[in-house]
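Please open the model in a viewer and keep the selection panel at hand.

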Amino acid sequence: MTALGAPGFPERAVRARARNGTAEVFPDPTSYGTQLYGPGTGSGLADELDRARIVPPVFMPQRLEKLIDLAREPEFGDVDLSSRVGGFTARLPLYLSAFGSTRAGSGDLAVHASRQAARLGIPMVIGENVIPVHGYRRAGDATRSALLARVEAYLDAAPEGTGGIVVQQSTEDADSEVWNLLYSDPAFRPLLETGRLAFELKTGQGAKPGLGGMTVVDRAEGEQLARRFTVLQVLDPAGEHRLRCATPGTFTDEILRQQLRFMRNNFPKARTWVKFHPGRDIAHAARTAWTAGADAVTVDGAEGGTGWAPRVFLDHVGLPLVESLRRIGRPDGCLLAAGGMWEGGRVVRALALGATAVGLGRAALVAVDEDPEHGLERLVDGIALELRLLISALGKYTVTALGPEDLWWPDGRPSHPDRAADALPPLGVTP
């Protein structure tokens with residue numbers, strides 16, 4: 001019996017993929033010859049990104065180039081999915097999104113997800129507040145460290161030269177000197193020596209734009225954490241549940257530039273990432289980060305998030321991922337996108353709008369909950385097959401060849417984000 005739920009997310013489809021892998025990319029094979037197939041009812045996600053159609057051209061000059069290169073007709077298996085993700089070499093245009101100090105994201109599920117992400121050769125992000133909440137113990141200590149358990153699982157399984165580990169830092173993490181601890185810890189030396197460590201400055205997340213992290217704790221844990229966090233009795237005043245609140249930090253463009261300069265100067269062997277919530281000035285924020293030398297900018301759309309958040313934020317706050325990508329337009333550097341990712345079509349749409357890679361958050365946790373040993377791998381195997389099928393159908397054979405011309409929007413909006421962002425109001429708003 002599984003313990004993890006994901007209301008509003010296609011949980012049943014993700015669990016099926018975690019069990020059956022690539023078989024779920026196709027209809028039931030036992031119905032072959034007895035059923036006629038046409039478009040289904042959709043994925044269940046109703047945002048604008050899913051409503052865009054992926055539209056292959058008739059004439060495919062890049063397929064001709066591939067044909068000449070191979071001296072045969074290209075096949076979907078010829079699509080190269082390898083990517084450079086925030087300074088790392090990845091086998092796929094994917095990364096494991098940040099799981100912070102939440103109960104679901106910091107226990108055994110996270111360790112299993114770390115191990116499988118390593119085997120897949122994709123980067124892994126460790127979220128905020130893990131050390132302030134759970135403490136930091138080096139590898140030789142008797143008590144197991146939640147953060148080091150994930151790092152060790154990843155390192156044990158990672159192929160040489162692929163993937164990488166990214167550690168977030170928020171306001172409370174900075175008070176705990178998280179990056180200083182990790183940068184000086186011998187356990188992280190293999191990552192530094194191979195260029196596979198990054199630090200991510202967290203300024204927000206899609207689950208609750210403008211707010212800091214929130215978790216539910218019991219009375220005793222709340223009393224312990226009250227020294228570092230705001231702990232409120234607003235969930236069930238007569239009961240044991242407490243709401244632990246972190247601060248989001250305060251940023252201006254100059255503060256961001258100074259923070260990135262600090263990161264590059266103090267941790268020169270670590271890559272520099274920045275994570276933004278889907279704010280209305282996301283284009284300016286992203287360009288500010290790239291200009292200041294960020295190796296990657298992560299945009300967490302309003303569909304994203306695995307953590308606890310107020311309902312009004314989940315339902316009403318923040319730009320959808322598609323609008324964030326449109327406003328950014330053609331990126332000036334590595335752009336990472338997260339928000340409701342679980343199958344290849346949605347991934348291709350985000351890549352076509354400028355993303356270098358996309359993050360798996362809820363889908364990864366649900367898949368690992370379904371099968372702790374191989375659920376995430378099977379889920380990703382299905383996504384990888386869909387990516388190859390779709391990209392080759394577009395007459396292209398690398399991830400970087402995708403572009404906005406590969407999408408059609410039912411409302412007639414221009415497909416090119418550089419023009420669309422300036423010429424039209426946000427999606428869903430009538431001019």
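A cavity is a set of points, on a 1 Å grid over the protein atoms alone, where a 1.4 Å probe fits but cannot get out, and its lining residues have an atom within 4 Å of a point. Grid points are joined across faces, edges and corners, and a volume is the space filled by probe spheres set on the points. The structure is a predicted model, in which local features need pLDDT of at least 70, side-chain atom pairs count only at pLDDT 80 or more, and totals for chains, interfaces and linings use all residues. Residues are numbered from 1 along each chain as its sequence is written, and side-chain values use heavy atoms, with hydrogens and water left out.

**Stop 1: the second largest cavity**

By this rule the protein has 4 cavities of 30 Å³ or more. Select Glu128, Ser170, Lys202, Thr203, Gly204, Gln205, Leu211, Gly212, Gly213, Thr247 and Pro248, which line the second largest cavity. The space inside the second largest cavity is about 60 Å³. Its lining comprises 2 nonpolar, 7 polar and 2 charged residues; here Ala, Val, Leu, Ile, Met, Phe, Trp, Tyr, Cys and Pro count as nonpolar, Asp, Glu, Lys and Arg as charged, and the others, Gly among them, as polar.

**Stop 2: the whole protein**

Switch to a cartoon view to display 18 helices and 15 strands. These elements are DSSP runs numbered from the N terminus: helices are H or I of at least four residues, and strands are E of at least two. Of the 431 residues, 53% count as buried. Buried means under 20% relative accessible area, exposed over 50%, and partly exposed in between, with a 1.4 Å probe and protein chains only.

**Stop 3: Ser114**

Select helix α4, residues 108–120, where Ser114 is placed. Ser114 counts as buried because its relative accessibility is 0%. A polar atom of the Ser114 side chain lies 2.7 Å from the backbone oxygen of Ala110. Beyond residues up to four places away in sequence, Ser114 touches Leu96, Met124, Arg150, Ala153 and Tyr154, where contact means heavy atoms within 4.5 Å.

**Stop 4: Arg346**

Move to helix α15, residues 344–352, which holds Arg346. Is Arg346 buried or exposed? Arg346 is buried, since its relative accessible area is 0%. Its side chain is joined to that of Asp47 by a polar contact of 2.7 Å. Such a contact is a pair of N or O atoms within 3.5 Å; within protein, one must be able to donate a hydrogen and the other to accept it, and residues adjacent in sequence count only if both atoms are side-chain atoms. Show also the backbone oxygen of Gly339, 2.8 Å from a polar atom of the Arg346 side chain.

**Stop 5: the loop between α3 and β2**

Ala71 lies in the loop between α3 (61–70) and β2 (83–85). Its phi is near 65°, a positive value in a residue other than glycine. Ala71 counts as exposed because its relative accessibility is 70%. Asp78 is found in the loop between α3 and β2 as well, and Asp78 is buried because its relative accessible area is 18%. Leaving out residues up to four places away in sequence, Asp78 touches Lys66, Leu70, Arg72 and Tyr397.

**Stop 6: Glu11**

Finally, select Glu11 in helix α1, residues 11–20. Glu11 and Ala367 are 356 residues apart in sequence, and their C-alpha atoms are 8.8 Å apart in space. Apart from neighbours within four places in sequence, Glu11 is in contact with Leu4, Gly5, Ala6 and Val366.

How values were computed
1 Å grid on protein atoms, 1.4 Å probe; cavity = no way out; pocket = protein on both sides within 12 Å on 5 of 7 lines; lining within 4 Å.
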